[in-house]
Amino acid sequence: MHLTFYELSAFFFIYGFLGWCTEVCFQALSRGKLINRGFLNGPICPIYGVSVVVIICLLEPLAAHGVILFLGSVILCSFLEWLTGFILEKLFHQRWWDYSKEPFNIGGYICLRFSIMWGLACVFVVYIAHPTVAFLLSLVPHTLGLVILCILGAAFLADCAATIGTMIGLNKRLLHIEKTASRLREFSDDVTEVLYEGSIRAKDNAEKAKSELEEQSDEFREKLSEGKEALQIRAKKKKQLAEEHRAELERKLTYGQQRLLKAFPGAGSTRHSEAMELLKQHIDRHKKQKGGKK
């Protein structure tokens, strides 16, 4: 089927928007929450737009063969979803959906259940939805359609740039949190070592003090005082680092970072997994505290 660039662009935005609507409704029904599920800030899921356009171009001629259309849709859409997840993870070092717990999954990027849903959805689009969408598009004056597409294209590119900036900022933030946590662990190890050495030293001094109590009592008290002072200094440093770490976690995320973490609660970082978990735990605690105040 020969389609013009104008038609391809229009179908991309139309089905990207319809896919976004589907995701929002699915999340509302399954989780009982209103969530902007899209990777971008705007009401569009590019993977839906791309997938349906590919299906229309390559598989619509096979509409007379329902089974072949369904199987082809499953394969093509699954490949596109796998490719999208793989590229996003390699570019931003984060995985925004994970089907690892689903049976018959491949790398956590795709799974049989959702692949079948993709196939059924595409069959519905080809047989029912697309003829209606194509007819409605033919009613729009070409000049008006071009103006609308230019506006949507500019907004889409700006949204992509903003989302990429948000992702880069989130990665930098995770790296900073991880470094702070690492420093905290180092000081914790130092304090542990001091406590151990102090305990052994105190035990040895106590045993010696039994036989030389009067002669070494002053020296023993002095060493004990020095050890106590050293512990207090290290404990103070540990507390200071803990407060810095807590303050770092409590620093507000940007709107885009909050939206992405809310839209993809199962998201994980391949480079800073521990920092990502700390951040998500802090966000959960903040939500519970906020909910308790209401």
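Which residues is Phe12 in contact with, leaving aside its neighbours within four places in sequence? They are Ile44, Pro46, Gly49, Val50, Val53 and Phe156, where contact means heavy atoms within 4.5 Å.

## Ground rules

This is a predicted model, so local features need pLDDT of at least 70 and side-chain atom pairs count only at pLDDT 80 or more, while totals for chains, interfaces and linings use all residues. Residues are numbered from 1 along each chain as its sequence is written, and side-chain values use heavy atoms, with hydrogens and water left out.

## The overall layout

The protein has eight helices and four strands; these are DSSP runs (helices H or I, at least four residues; strands E, at least two), numbered from the N terminus. Going along the sequence, the order reads α-α-α-β-β-β-α-α-α-α-β-α.

Of the 294 residues, 37% count as buried. Here buried means under 20% relative accessible area, exposed means over 50%, and partly exposed is in between (1.4 Å probe, protein chains only). The accessible surface comes to about 18,200 Å², with 65% of it belonging to carbon and sulfur atoms; the areas come from the Shrake-Rupley method with a 1.4 Å probe, and for residues only the protein chains shown count as cover. Take the contacts between residues at least 6 apart in sequence, and 74% of them join residues at least 24 apart.

The largest nonpolar core has 18 residues, and Phe12 is listed with Phe11, Phe13, Tyr15, Ile44 and Phe156 as having the most contacts inside it. A core here is a set of buried Ala, Val, Leu, Ile, Met, Phe, Trp, Tyr and Cys residues joined through side-chain atoms within 4.5 Å. Two or more residues each come from α1 (5–31), α2 (46–59), α4 and α5 (142–211), and α1 gives the most, with six. Apart from this core lies another, of 13 residues, with Ile55, Leu59, Leu69 and Val126 among them.

As a general point, nonpolar side chains in soluble globular proteins tend to be buried together. In this model, Phe12 is buried at 15% relative accessible area, and Phe13 counts as buried at 14%.

## Aromatic pairs

A pair of aromatic rings is described by the distance of the centres and the angle of the planes. The rule used here pairs rings of Phe, Tyr and Trp (its six-membered ring) if their centres lie within 6.5 Å; planes under 30 degrees apart count as stacked, over 60 as edge-to-face and the rest as tilted. That gives 11 aromatic pairs. One of them is Phe12 with Phe13, an edge-to-face pair at 5.2 Å centre to centre and 75° between the planes.

Phe79 and Trp82 make a stacked pair instead, 6.4 Å centre to centre with 25° between the planes. Both sit in helix α3 (residues 66–92), three residues apart, or about one turn of the helix. Phe79 is partly exposed at 46% relative accessibility, and Trp82 is partly exposed too, at 28%. Together with Phe86 and Tyr109, they form one aromatic cluster.

Phe104 sits in the loop between β1 (94–95) and β2 (105–106). Its phi is positive, about 55°, although Phe104 is not a glycine. Leu112 belongs to helix α4 (residues 112–139) and is partly exposed at 41%.

The structure holds one salt bridge, meaning a side-chain nitrogen of Lys or Arg within 4 Å of a carboxyl oxygen of Asp or Glu. The partners are Arg113 and Glu102, at 2.8 Å from N to O. Arg113 lies in helix α4 and Glu102 in the loop between β1 and β2, so the pair ties together parts that are 11 residues apart in sequence. Arg113 is partly exposed, at 42%.

His2 comes in the segment before α1 and is exposed, with a relative accessible area of 73%. His2 and Cys57 are 55 residues apart in sequence, yet 7.5 Å apart from C-alpha to C-alpha. Gly66, in helix α3, is partly exposed at 30%.
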